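The following explanation leads the reader through a protein model, beginning with a single residue and widening to the whole chain. Please keep the sequence and the structure in view while reading.

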Amino acid sequence: MKFNIRDSFFFKFHISRFAIFFSFFILSFIIHYSSLASPLPSIFKKIRSGKYDNAKEKLFALYERAGDDLAVNFGLAFIYFQHDNLLRNLDSAQIFASRTEIILKDSVSEKLLKKYSPLGVRAYYIHQLSNEIYAEGFHIADSVNTVESWNHYLNHYALSPMYKQAVALRNKRAFENAKSTFDYSSFEDFMKQYPDADEIAEA
């Protein structure tokens, strides 16, 4: 009788162990790469129903594992911007909106955008949310109209399309402050701090 290694107990045992290990490896791989996507529909459903605290908690749990995920950052920006959110924070909304814009520009494929589209995470809505955040921040700085308020905007809203306009308005406010002191040293300080200001010629 010819011995066939395929019929041996040890061969079958090792093959069985390999099959179990391989199946476990594949399962772990699938779970790992689907873990981010699977909870997102339910989280965005909570956002739409106004359950911001619960949604934010779950999004931050995902953020700790994948801080560069487009939908996670967009969701956090959206939550912080909502007027019916008791913990609304425009600066926090801006942080995550800016991150979303950068991620969208640098590292997002069309396949991923298509995947996230049912959640409302689309390029159009991302830009729209960012622009609304930038516009509100600009309005706040303009309504206060101090050098400090404009500097806050410039430091926190660097991606704003109104950034250059904010620089000009900050410089104008600073120049008006210098003129109001009737002190030449104030003009010197202005020229040192804002050497590119249009008002330098008048100073």
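**From one residue to the whole fold**

Phenylalanine 175 is found in helix 9. The model is a predicted one, and in it phenylalanine 175 has a relative accessible area of 4%. Because buried means under 20% relative accessible area, phenylalanine 175 counts as buried. Along the sequence, phenylalanine 175 is 12 residues from phenylalanine 187, and the two C-alpha atoms are 7.7 Å apart in space.

The helix that holds this residue, helix 9, comprises residues 163–181. How does its span compare with expectation at 1.5 Å a residue? The 19 residues should span 27 Å, and the end C-alpha atoms are 28 Å apart, so the two values agree. The buried residues of helix 9 are Ala166, Arg170, Asn171, Ala174, Phe175 and Ala178. An α-helix has 3.6 residues a turn, so residues three or four places apart point the same way. Against which elements do the buried residues of helix 9 pack? Their partners are helix 7, helix 8 (147–156) and helix 10.

Phenylalanine 182 follows helix 9 and has a positive phi, near 55 degrees. Most residues other than glycine have a negative phi, and most peptide bonds are trans. Another residue with a positive phi, of about 50 degrees, is asparagine 145, which is not a glycine. Asparagine 145 is located in the loop that lies between helix 7 and helix 8. Its relative accessibility is 28%, so asparagine 145 counts as partly exposed.

Helix 10 covers residues 184–193 and includes serine 186. Is serine 186 buried or exposed? Serine 186 is buried, because its relative accessible area is 17% and the cut-off for buried is under 20%. When residues up to four places away in sequence are not counted, serine 186 touches Ala178 and Thr181. Ala178 is also one of the buried residues of helix 9.

Attention now turns to another part of the chain. Threonine 100 is found in helix 5, which runs over residues 90–107. With a relative accessible area of 1%, threonine 100 is buried. Leaving aside neighbours within four places in sequence, threonine 100 is in contact with Leu70, Asn73, Phe74 and Ile126.

Which element supplies the largest share? Helix 7 does, with four residues. By residue type, the lining divides into nine nonpolar, three polar and two charged. The space in the second largest pocket is about 260 Å³. Rolling a probe the size of a water molecule over the atoms shows where empty space is left.

Finally, the protein may be viewed as a whole. It has 10 helices and zero strands, and its pattern along the sequence is α-α-α-α-α-α-α-α-α-α. Of the 203 residues in the protein, 35% are buried. Among contacts with a separation of 6 or more, 56% are between residues 24 or more positions apart. The accessible surface of the protein is about 13300 Å², and carbon and sulfur atoms account for 59% of this area.

Key:
Residues are numbered from 1 along each chain as its sequence is written. This is a predicted model: local features need pLDDT of at least 70, side-chain atom pairs count only at pLDDT 80 or more; totals for chains, interfaces and linings use all residues. Side-chain values use heavy atoms; hydrogens and water are left out. Helices (H or I, at least four residues) and strands (E, at least two) are DSSP runs, numbered from the N terminus. Buried means under 20% relative accessible area, exposed over 50%, partly exposed in between (1.4 Å probe, protein chains only). Contact means heavy atoms within 4.5 Å. On a 1 Å grid over the protein atoms alone, a cavity is a set of points where a 1.4 Å probe fits but cannot get out, and a pocket is an open set with protein on both sides within 12 Å along at least five of seven lines; lining residues have an atom within 4 Å of a point. Grid points are joined across faces, edges and corners, and a volume is the space filled by probe spheres set on the points. Ala, Val, Leu, Ile, Met, Phe, Trp, Tyr, Cys and Pro count as nonpolar, Asp, Glu, Lys and Arg as charged, and the others, Gly among them, as polar. The expected span of a helix is 1.5 Å times one less than its number of residues. Accessible areas come from the Shrake-Rupley method with a 1.4 Å probe; for residues, only the protein chains shown count as cover.
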